[in-house]
Each structure stands twice: as C-alpha cells, then as structure tokens.
Amino acid sequence: MEIYRTNNYYEMSCKAAGIIAAQVILKPDSVLGLATGSTPEGIYQQLIGKYNKGELDFSKVKTVNLDEYKGLDKSNDQSYQYYMFNKLFRHINIKAENYYLPNGMAKDSKEECESYDQLIQDLGNIDLQLLGLGQNGHIGFNEPDDHFPKGTHLVALAQSTIQANSRFFEKDEDVPRYAYTMGIGNIMQAKKIVVVVNGRQKADILKQVVSGPITPNVPASILQLHKDVTIVGDREALSLL
C-alpha cells in the first residue's frame with residue numbers, strides 16, 4: 001500500500017488525477033473503474049482540464065462505474081448516470097458506447113448483475129479502479145456485512161448511507177433504499193486501485209482500513225490484500241496514521 005499525504009482537497013484531487021492521467025497516457029485503451037459522490041468531483045475537474053489542454057485523449061478509454069441506484073432512470077438528476085455524464089463524460093471525448101453503469105431500471109435484478117459481471121470480464125477487467133471511502137468503511141455500496149460479496153449484486157443500503165444521501169432528495173421517501181454495486185471480487189480484480197479520502201471525519205475509518213483487521217465489518221479492509229493500492233488523502237484524513 002502506497003500512501004500520499006496532501007495538504008488539502010485540491011492537492012488530493014490533483015495528485016489522484018495525475019495518477020489516472022498517467023494510466024491513460026501509458027495505455028490509451030485503458031479500462032477505468034469510476035466512482036461517484038462529492039470526493040471524486042475535483043478529480044474529474046482536473047481530468048477535464050488536462051483534456052482541454054490537449055494532454056489527454058479518452059477516445060479509446062472504456063469506463064465502468066461502481067454502482068447505480070435501483071429505480072432511478074438515467075435522466076434522473078440523482079442517478080449516477082446523470083452525475084457521470086454531467087461531471088465528466090460530456091466534457092471529454094469518450095465515446096458514448098464506451099462508458100457503462102448498471103441499469104437502475106432493469107426489470108430482472110439477477111440478470112442485470114450477471115450481465116454487468118460479464119461485461120467487466122469481456123472488457124478484460126479493470127486497469128485502474130478509483131474508490132472513495134464511506135464513513136462505515138464501505139467501498140462502492142458494499143456495506144458492512146458478515147462476508148465479502150464477490151460479484152455485482154443488489155444491496156439494501158445501510159441506514160447511515162440512506163441518511164447521508166437524504167440531503168440530495170426533496171422527500172425522505174424519494175431516497176433510494178437499494179442500489180446495484182460491483183462486488184468486492186470485482187474491485188479486487190482491478191490491476192491498480194486508487195483510494196481518495198479527505199476530511200477529519202474519515203480519519204478513524206481510514207486507520208481501521210489501513211492497519212486494522214481484515215473483516216467484512218470494514219469492507220475496505222480487504223484492500224490490504226491487493227498488490228497495488230495507492231491511497232491519496234489530505235492531512236486531516238491521514239491524521240491518525
């Protein structure tokens with residue numbers, strides 16, 4: 001595990017974007033695993049800036065996202081498809097047929113999960129997977145559990161996650177209770193993993209992830225077993241390490 005300590009969110013975003021940019025430059029047809037939420041936004045802004053300067057070409061890149069809410073159409077402004085399109089895809093030259101997310105409106109959940117696993121396999125697995133870190137140690141929507149889920153699956157979101165997401169919705173009943181997510185097995189098969197963490201509120205869980213026991217109660221602790229993990233955090237997130 002390699003850990004980079006940065007001074008603030010901006011520096012964290014720049015460092016992580018630099019790692020992703022290097023991946024694309026070295027392998028123009030890379031398969032990138034992408035994440036959503038507030039943490040990666042600065043990274044995507046940096047990548048867009050590099051693209052606008054002519055430093056990056058995404059024309060051969062393929063992407064697969066970690067997760068998507070069940071029951072949200074891609075036109076819903078809280079769907080991750082909407083997020084990715086507006087935060088990154090529409091600003092760069094990635095082809096529409098080259099980015100993938102689980103289908104939140106799929107009628108058959110089991111079939112959708114199997115299809116997404118097959119898609120990742122057909123792409124040759126993920127070259128670089130970007131991850132954020134939940135306050136309960138979740139990666140993707142792999143919540144604390146008694147086992148590590150292997151493949152893509154439909155998960156009932158933890159109450160803490162539902163509460164954290166509620167600020168984005170007008171009414172409590174509109175907050176999704178379920179989401180499709182890549183499994184721990186999908187994530188661990190990525191050739192390289194980059195984890196971005198910022199803020200004092202993540203310091204305790206990050207310490208558990210890095211130096212605590214490997215347990216499905218802290219899903220991200222499994223990353224200790226991966227051969228190529230880079231953590232990029234600000235000083236506050238790394239304050240207990």
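A salt bridge is taken here as a side-chain nitrogen of Lys or Arg within 4 Å of a carboxyl oxygen of Asp or Glu. The model is predicted, so local features need pLDDT of at least 70 and side-chain atom pairs count only at pLDDT 80 or more, while totals for chains, interfaces and linings use all residues. Residues are numbered from 1 along each chain as its sequence is written, and side-chain values use heavy atoms, with hydrogens and water left out.

The side chains of Glu114 and Lys110 form a salt bridge, with an N to O distance of 2.6 Å. Both residues lie in helix H4, four residues apart, or about one turn of the helix. Helices (H or I, at least four residues) and strands (E, at least two) are DSSP runs, numbered from the N terminus. Glu114 is partly exposed, at a relative accessible area of 45%. Lys110 is exposed, at 58% relative accessibility.

The search of the whole structure finds six salt bridges. One of them joins Asp127 to Lys27, with the closest N and O atoms 3.0 Å apart. Asp127 sits in the loop between helix H4 (109-122) and strand S6 (128-131), and Lys27 in the loop between helix H1 (9-26) and strand S2 (31-34), so the pair ties together parts that are 100 residues apart in sequence. Asp127 is buried, with a relative accessible area of 5%. Lys27 is partly exposed, at 31%.

Glu41 and Lys87 also meet in a salt bridge, at 3.5 Å from N to O. Glu41 belongs to helix H2 (residues 41-52) and Lys87 to helix H3 (residues 80-87); the pair links distant parts of the chain, 46 residues apart. Both ends are classed as partly exposed: Glu41 has 25% relative accessibility, and Lys87 has a relative accessible area of 34%.

Seven strands form an open sheet with parallel pairing. The strand order is S1-S10-S9-S6-S2-S3-S5. Strand S1 (2-6) and strand S5 (99-100) are the edge strands, each pairing on one side only. Two strands pair if DSSP finds at least two bridges between them. S2 and S6 pair in the parallel sense over two bridges. Gly33 has Gln129 in S6 as its bridge partner.

A further open sheet has three strands in the order S4-S8-S7, with antiparallel pairing. Its edges are strand S4 (67-69) and strand S7 (153-156), each of which pairs on one side only. Neighbouring strands of this sheet are turned by 30° against each other on average, direction ignored. Three bridges join S4 to strand S8 (residues 178-181), and the two strands run antiparallel. Tyr69 stands opposite Ala179 in S8.

Helix H1 lies across S1, S2, S6, strand S9 (192-197) and strand S10 (229-234). H1 runs at about 155° to S10. Axes are lines fitted to C-alpha atoms, for helices over the stretch in contact, and angles run from 0 to 180 degrees between N-to-C directions. Contact means heavy atoms within 4.5 Å.

H1 also packs against H2, at an angle of about 55° and with the axes 8 Å apart. The two helices are therefore oblique to each other. Angles under 35 degrees count as roughly parallel, over 145 as roughly antiparallel, 65 to 115 as roughly perpendicular, and the rest as oblique. The crossing of H1 and H2 is right-handed. A crossing is right-handed if the near helix is turned clockwise from the far one by less than a right angle, and left-handed if anticlockwise. The contact involves residues of H1 including Tyr9, Ser13, Ala17 and Ala21, and residues of H2 including Glu41, Ile43, Leu47 and Lys50.

Glu11 lies in helix H1 and is partly exposed, at a relative accessible area of 32%. Gln23 touches Ser30, Leu32, Asp127 and Leu128, not counting residues up to four places away in sequence.

Terms used
Buried means under 20% relative accessible area, exposed over 50%, partly exposed in between (1.4 Å probe, protein chains only).
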